[in-house]
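Trainee: Hi! Could you walk me through this one while I have it open?

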Amino acid sequence: LLKVAIPEISDLQGQLKLPADLKGAGRIDMDLDRLDVSALTNIKMENSGQEAVADYFPLLSVSSEKTFWKNSDLGRFTMTTERIPGCLRFDRFELLGKDQKLTLTGDWKTAGGLSQTQVKGRLELIKGGALFDRLYITKDLTETSGVADFDLSWPAPPYRFALADLQGFAD
């Protein structure tokens, strides 16, 4: 097991523990003070790497005290993954903030050079108007709260989420 202190950079701050064998049962453990998830949209992977990613993708355990989208703090983030044949499973994904609570599970499948991500979960909006305003979605909603259960998918890796490609339902 290799333990690495991540230097202070704007997107990622904390500690990283790497197992000796990334293809084995050990997890990459990221215990972060800060994570900017908007930086994940800059990840580039060649198509040849995507084809077999579920077969070799290392197991992850990620936690972050402060999780940002651009400059907006969304709260505490926790995620763990599991490797199953042909798929990387998100068995725990939680984003708990002052304005929202997002919990989900999901799968990332790859076949023939194509990726598909599917998630099921719940979004509880405590102060939806404040959240939407901070994320630059809309300023038209003010005192908004509610709960939405969802089952969604998109034809891309999880880090390539785009509203235009989203399929599924929310209730």
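Mentor: Happy to. One term before we start: strands here are DSSP runs of E with at least two residues, numbered from the N terminus. Also keep in mind that this is a predicted model.

Trainee: Got it. Let's start with β5 and β6, then: how many bridges join them?

Mentor: Nine bridges link β5 to β6, which covers residues 87-96, and the two strands run antiparallel. If you'd like a place to look, T78 stands opposite E94 in β6.

Trainee: And in the hairpin of β5 and β6, which residue takes a positive phi?

Mentor: That's G86, with a phi near 70 degrees. The hairpin has two residues between its strands.

Trainee: What about β4 and β5, parallel or antiparallel?

Mentor: Antiparallel, with seven bridges between β4 (residues 59-69) and β5 (residues 72-84). T67 has G75 in β5 as its bridge partner. These strands form a hairpin too, with two residues between them, and K70 in the turn has a positive phi of about 60 degrees.

Trainee: Changing topic: how many aromatic pairs does the structure hold?

Mentor: Two. In one of them, the ring centres of F77 and F93 are 5.0 Å apart and the planes make an angle of 75 degrees, so this pair is edge-to-face. Since F77 is in strand β5 and F93 in strand β6, the pair ties together parts 16 residues apart in sequence.

Trainee: Is F77 buried or exposed?

Mentor: Buried: its relative accessible area is 6%, and the cut-off for buried is under 20%. F93 has 22%, so it is partly exposed.

Trainee: And which rings make up the other pair?

Mentor: W154 and F161, with centres 5.0 Å apart and planes at 85 degrees, so that pair is edge-to-face as well. W154 is buried at 6% relative accessibility, while F161 is partly exposed at 41%.

Trainee: Nice. What lies over the face of F68?

Mentor: R34 does, at 4.0 Å from the ring centre.

Trainee: How far apart are S72 and L135 in sequence and in space?

Mentor: They are separated by 63 residues in sequence, but their C-alpha atoms are 6.7 Å apart.

Definitions and conventions. Residues are numbered from 1 along each chain as its sequence is written. This is a predicted model: local features need pLDDT of at least 70, side-chain atom pairs count only at pLDDT 80 or more; totals for chains, interfaces and linings use all residues. Side-chain values use heavy atoms; hydrogens and water are left out. Two strands pair if DSSP finds at least two bridges between them. Helices (H or I, at least four residues) and strands (E, at least two) are DSSP runs, numbered from the N terminus. Rings of Phe, Tyr and Trp (its six-membered ring) pair if their centres lie within 6.5 Å; planes under 30 degrees apart count as stacked, over 60 as edge-to-face and the rest as tilted. Buried means under 20% relative accessible area, exposed over 50%, partly exposed in between (1.4 Å probe, protein chains only). A charge sits over a ring if NZ of Lys or CZ of Arg is within 6 Å of the ring centre and within 35 degrees of the ring normal.
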